[in-house]
Every structure is written in structure tokens, then in C-alpha cells.
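Q: Please take a close look at the aromatic rings in this model. Keep it brisk.

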Amino acid sequence: VSMVGDYQVCIDEATAFLNVAKLCTDDISGFLLGKMYPFVVNVSFSCELFIKAIMIKQSPTQEFSRGHDLGQLFNTLDDKDKAAIRSAYKEKCSKPLDELLDESSKAFKDWRYALEKGVSICVTGIIAFAEALQEYNKAME
């Protein structure tokens with residue numbers, strides 16, 4: 001199912017969620033004592049929005065796919081987009097992107113409901129993915 005969106009609004013929102021996520025990491029003790037949950041929710045949502053912004057930008061009708069699954073959304077991108085994002089990500093993080101996506105595809109949903117089950121995430125990997133997506137969007141403008 002597709003929806004129609006505004007590229008600049010999507011970029012602005014993705015950037016805002018990423019900025020809030022980064023604020024959560026300013027103080028390591030606060031991060032470990034509870035800010036990790038809002039960090040993960042915000043950074044994973046920023047990844048989702050940056051991927052959807054790419055879809056909007058490249059769609060003649062400004063369409064994007066619904067859903068929160070980062071792996072599924074990433075895999076809908078064109079091969080050239082995925083290759084460029086993978087390259088930018090690899091410069092920032094040694095964890096393989098496919099491994100990160102396997103572990104973190106449902107981070108937005110899982111971390112909103114972390115009280116229901118145990119959760120984990122590669123903090124450096126998910127922030128590297130968000131930054132790689134942000135940089136790729138900037139390069140497309």
C-alpha cells in the first residue's frame with residue numbers, strides 16, 4: 001500500500017527525530033538510565049522517514065511505502081540507492097548493514113513496547129545508518 005507525501009516535510013521530520021535521538025546521548029548516565037528507549041524510537045523513526053523521503057523524491061507521483069520495518073523499506077529502494085547508502089554506512093560502522101537490519105528492522109515498534117519483552121540494538125550501527133541515510137538525501141537535493 002502506497003501513500004503520497006511531501007519530500008521536504010519528510011526530510012524536516014526525519015532530521016528533527018534524529019536530532020532528538022542525538023540529544024538523548026549527550027549524557028551517558030542519563031542515556032543508560034532511561035534515555036536509550038526514546039533514543040532508539042527516535043533514531044529508528046528517523047531512518048524510516050529518510051528512506052521514505054528517498055521513495056518520495058524518486059517517485060513521479062511522490063509515493064512511498066507504508067510500514068515501519070526498516071529492512072523491508074530499505075529493500076524497496078533501487079539498487080543504486082542501496083549501494084550508495086551501504087557505502088556511506090560502511091565508512092561509519094564495521095557492523096554489516098544486513099546484520100543491523102536483521103536485528104533492528106522492527107526497532108521502532110519493539111522499543112515503543114520494550115516493557116513487553118527484552119530488546120537490544122547496536123547503538124553505533126543504528127546511528128550510522130540514520131546518518132548515512134541523511135547524507136544520501138542531502139546528496140540527492
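Is Phe108 buried or exposed, and what is its relative accessibility?

A: Phe108 has 10% relative accessibility, so Phe108 counts as buried. Buried means under 20% relative accessible area, exposed over 50%, and partly exposed in between (1.4 Å probe, protein chains only). The model is predicted: local features need pLDDT of at least 70, side-chain atom pairs count only at pLDDT 80 or more, and totals for chains, interfaces and linings use all residues. Residues are numbered from 1 along each chain as its sequence is written, and side-chain values use heavy atoms, with hydrogens and water left out.

Now the pairing rule. Rings of Phe, Tyr and Trp (its six-membered ring) pair if their centres lie within 6.5 Å; planes under 30 degrees apart count as stacked, over 60 as edge-to-face and the rest as tilted. The count by this rule is six aromatic pairs. Phe45 and Phe108 are stacked, because their ring centres are 4.8 Å apart and their planes lie at 20°. Phe45 is in helix H2 (residues 28-58) and Phe108 in helix H6 (residues 107-112), so this pair ties together parts 63 residues apart in sequence. Helices are DSSP runs (H or I, at least four residues), numbered from the N terminus. Phe45 also counts as buried, at 16% relative accessibility.

Another pair is edge-to-face: Phe74 and Phe129, 5.8 Å centre to centre, with 75° between the planes. Phe74 sits in helix H3 (residues 70-75) and Phe129 in helix H7 (residues 123-140), so the pair ties together parts 55 residues apart in sequence. Both Phe74 and Phe129 are buried.

Definitions and conventions
Helices (H or I, at least four residues) and strands (E, at least two) are DSSP runs, numbered from the N terminus.
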